[in-house]
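Good morning, and thank you for coming.

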Amino acid sequence: MPIRTLKGAIAASLRRRSKSPQAVACSELDYFPVSFNKHQCLRLLSFNIQVGINTQQYRHYLTRSWQHVLPHAKRVQNLNSIASFLPDFDIVALQEVDGGSLRSGFVNQTEYLALRGRFPYWYQQLNRNLGKFAQHSNGLLSRYKPASLEDHKLPGIIPGRGAIVAEYGQGSDTLLVVMMHLALSRRTRDVQLSYIRELVQSYRHVVLMGDMNTHAEQLLNQSPLRGSGLQAAHWEQNTFPSWKPHKSLDHILVSQSLLVNKMEVLNIPISDHLPVAVEIEVPDSVQLSK
């Protein structure tokens with residue numbers, strides 16, 4: 001049964017506006033999981049799921065390209081495989097998710113993974129709306145309730161890139177988490193990173209997560225993020241392509257006020273990207289609420 005037919009799962013629906021940035025409401029499910037973090041630790045995951053397509057070889061980009069347009073019976077099976085390891089995490093950034101179109105069987109993939117992973121809060125950011133044929137989106141899954149949530153359209157010649165900006169806690173000890181999928185072109189990517197730098201520059205505790213389409217060295221030393229005080233939780237650990245990774249494209253960047261306890265690129269080749277996982281320690285002054 002498509003998840004969109006379930007009733008009572010969502011306590012608050014989203015209201016989208018035409019202006020950007022926009023304040024949005026994070027959808028809340030009607031149950032709450034057991035508390036995971038007792039010592040101000042957060043487990044973070046960033047994953048480009050390629051709309052649930054299982055790509056294992058370069059030739060699959062051709063032979064399975066039709067799955068970007070039409071539904072496939074194994075897509076839900078792939079989503080279930082992704083959902084199976086999500087309960088280990090507190091905040092998840094998803095890229096290349098479908099918001100509920102023909103190709104996904106009209107399943108909102110962010111909502112589906114929130115339900116399967118038992119996340120009480122989720123948000124889908126629609127970036128390219130091709131109607132019933134495709135709903136190109138980013139997604140946020142969270143076990144903690146964001147104090148605020150904003151939907152930002154990133155600059156670029158070709159529209160369709162976005163960032164989800166979530167605040168946890170309030171005041172000077174707010175934790176700012178920005179989830180994004182950046183452009184392929186370095187010139188456009190630098191314009192987008194300049195925009196993001198302005199968003200985060202007044203915050204002490206910052207996390208940037210997502211498919212950034214370049215290596216950490218370029219991000220931190222040769223882009224507008226240079227001098228920002230951010231550091232790569234994992235340095236040059238490759239994430240793409242998943243079957244033989246030789247490029248480091250997916251990152252979790254954190255400010256120096258956040259201590260990295262663990263970091264790992266997970267060897268889970270479901271998509272053409274591998275997921276990145278990090279555990280950080282958050283200062284006790286950051287108020288996390290459920």
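Predicted model: local features only at pLDDT ≥ 70, side-chain atom pairs only at ≥ 80, totals over all residues.

Arg43 has a charged partner. Its side chain and that of Asp90 form a salt bridge, with 3.6 Å from N to O. Arg43 belongs to strand 3, residues 41–48, and Asp90 to the loop between helix 2 (75–83) and strand 4 (91–98), so this contact ties together parts that lie 47 residues apart in sequence. Is Asp90 buried or exposed? With a relative accessibility of 1%, Asp90 counts as buried.

How many salt bridges are there by the rule applied here? The count is four. Another one joins the side chains of Asp98 and Arg103, at 2.7 Å from N to O. Both Asp98 and Arg103 are buried. A further salt bridge links Arg186 with Asp190, at 4.0 Å from N to O. These two residues are both in helix 4, residues 186–200, and are separated by four residues, which is about one turn of the helix. Arg186 is partly exposed, at a relative accessible area of 40%.

I turn now to the aromatic rings. A pair of such rings is described by how far apart the centres are and by the angle of the planes. In this model the count comes to one aromatic pair. Phe47 and Phe85 make up this tilted pair, with 6.2 Å from centre to centre and 45° between the planes. Since Phe47 is in strand 3 and Phe85 in the loop between helix 2 and strand 4, the pair ties together parts that are 38 residues apart in sequence. Phe47 is buried at 1% relative accessibility, and Phe85 is buried as well, with a relative accessible area of 10%.

Rings also meet charges here. The charged end of Arg143 sits over the ring of Phe119, 3.8 Å from the ring centre. Lys290 lies over the face of Tyr144, and in that case the distance to the ring centre is 5.1 Å.

Next, the helices. Helix 2 packs with helix 3, residues 109–117, at an angle of about 50°, and their axes are 9 Å apart. With that angle, helix 2 is oblique to helix 3. The crossing of helix 2 past helix 3 is right-handed.

Most residues other than glycine have a negative phi, and most peptide bonds are trans. Which residues have a positive phi without being glycine? Among them is Val51, with phi near 45°. Val51 is in the loop between strand 3 and helix 1 (60–63), and it is buried, with a relative accessible area of 4%. Phe106 is another, with a phi of about 60°. Phe106 lies in the loop between strand 4 and helix 3 and is partly exposed, at 31% relative accessible area.

A cis peptide bond joins Phe240 and Pro241, with omega about -10°. Pro241 is in the loop between strand 11 and strand 12. That loop, between strand 11 (230–232) and strand 12 (250–255), also holds Leu249. Leu249 counts as buried at 9% relative accessibility. Leu249 and Asp211 are 38 residues apart in sequence, yet their C-alpha atoms are 5.9 Å apart in space.

Thank you for your attention.

Methods. Residues numbered from 1 in each chain as written. Heavy atoms only, no water. Buried < 20%, exposed > 50% of the residue type's maximum accessible area, 1.4 Å probe, protein only. Phe/Tyr/Trp six-rings, centres within 6.5 Å; stacked < 30°, edge-to-face > 60°. Lys NZ or Arg CZ within 6 Å of the ring centre and 35° of its normal. Axes fitted to C-alpha atoms, helices over the stretch in contact; angles between N-to-C directions. Parallel < 35°, antiparallel > 145°, perpendicular 65-115°, else oblique. Left-handed = near helix turned anticlockwise from the far one by under 90°.
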